[in-house]
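Thanks for coming, everyone. Please have a look at the model on the screen, and then I'll walk you through it.

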Amino acid sequence: MRLIVNERSHDVDADPETPLLYVLADDLKLKGPRFGCGLAQCGSCSVLLNGQEIRSCVTPISAVSGGSITTLEGLPQFYASKKGLASAPELHPVQQAFIDEQAPQCGYCYNGVAIKAAELLSQKPDPSEWDIRQAMDGHLCRCGTYPRIMKAIRRAAAEMSK
């Protein structure tokens, strides 16, 4: 089966019902999406499929064949293509804002909240507090850094509007 991940084509030899997360982590050696709950409830396995968040722990690879998958590692390219930039920055503005605001603590939630924030800001460049809260609903942070996550998303939105 052929998968397009972070703008690169990969031929994958796996059962069509294999969860996408396993292929991304085990076969493609990507470290962004993480196994958290295995039930699509925590968000740590989130990736973008054609720009929309999906939970890779419960999504079989047969459901994403032919689509464009973006992982945490591919967010800079995702941003560059959305903005029409000639080259991708080192980090997506969301990733940089999370560093600047020291939003991640243990890292459990980081992948999912960064993916969801990138999706949100690609669709709604100037989100309200309510928009951000709604988008982050369903993403669990074990350390409780929600205020820093919110601040980082607002910071990224401001940076992306420049």
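How many bridges join β3 to strand β4, and do they run parallel or antiparallel? Four bridges join them, and the two strands run antiparallel. Strand β4 covers residues 52–55. We say that two strands pair if DSSP finds at least two bridges between them.

Some ground rules before I go on. This is a predicted model, in which local features need pLDDT of at least 70 and side-chain atom pairs count only at pLDDT 80 or more, while totals for chains, interfaces and linings use all residues. Residues are numbered from 1 along each chain as its sequence is written, and side-chain values use heavy atoms, with hydrogens and water left out.

Now the overall picture. The chain has six helices and five strands. Helices (H or I, at least four residues) and strands (E, at least two) are DSSP runs, numbered from the N terminus. The order along the sequence is β-β-α-β-β-β-α-α-α-α-α. The C-alpha atoms fill a box of roughly 40 × 40 × 25 Å along the principal axes. The radius of gyration is 15 Å, which agrees with the value near 15 Å for a compact globule of 162 residues. That radius is taken over C-alpha atoms, and the globule rule is 2.2 Å times the number of residues to the power 0.38.

Buried residues make up 50% of the 162. Buried means under 20% relative accessible area, exposed means over 50%, and partly exposed is in between, with a 1.4 Å probe and protein chains only. Next, contacts, meaning heavy atoms within 4.5 Å. Take those between residues at least 6 apart in sequence: 58% join residues at least 24 apart.

Back to β3. Ser46 and Leu48 point one way from this strand, and Val47 and Leu49 point the other way. All of them are buried. On the β4 side, Leu48 has Glu53 as its bridge partner. β3 and β4 form a hairpin with two residues between them. In that turn, Asn50 has a positive phi of about 55°. β3 is also joined to β5 (residues 68–70), by two bridges, and this pair runs antiparallel too. There, Leu49 stands opposite Ile69.

On to charges. Side chains of opposite charge can pair when their charged atoms come close. How many salt bridges does the structure hold? The count is 11. A salt bridge here is a side-chain nitrogen of Lys or Arg within 4 Å of a carboxyl oxygen of Asp or Glu.

Arg55 and Glu53 meet in one, at 3.2 Å from N to O. Both residues are buried.

Second, Lys116 and Glu119, with the closest N and O atoms 2.6 Å apart. They are three residues apart in helix α4 (residues 110–123), so about one helical turn separates them. Is Lys116 buried or exposed? Lys116 counts as buried because its relative accessibility is 16%. Glu119 is buried as well, at 5%.

Third, Lys124 and Asp131, where the closest N and O atoms are 3.4 Å apart. Lys124 is partly exposed at 36%, while Asp131 is buried at 14%. Salt bridges that share partners also join Glu53, Arg55, Lys116 and Glu119 into one network.

Which residue's side chain makes a polar contact with the side chain of Arg55? It is His139, at 3.5 Å. A polar contact is a pair of N or O atoms within 3.5 Å; within protein, one must be able to donate a hydrogen and the other to accept it, and residues adjacent in sequence count only if both atoms are side-chain atoms. His139 lies in the loop between α5 (129–136) and α6 (146–160). Its relative accessible area is 3%, so His139 is buried. Leaving aside neighbours within four places in sequence, His139 is in contact with residues including Ser46, Glu53, Arg55 and Lys116.

Last, two backbone points. Glu7 is not a glycine, but its phi is positive, near 70°. Glu7 sits in the loop between β1 (2–5) and β2 (8–11), and is exposed at 54%. Ala40 also has a positive phi, near 65°. Ala40 is in the loop between α1 (20–27) and β3 (46–49), and is partly exposed at 26%.

That's my tour. Over to you for discussion.
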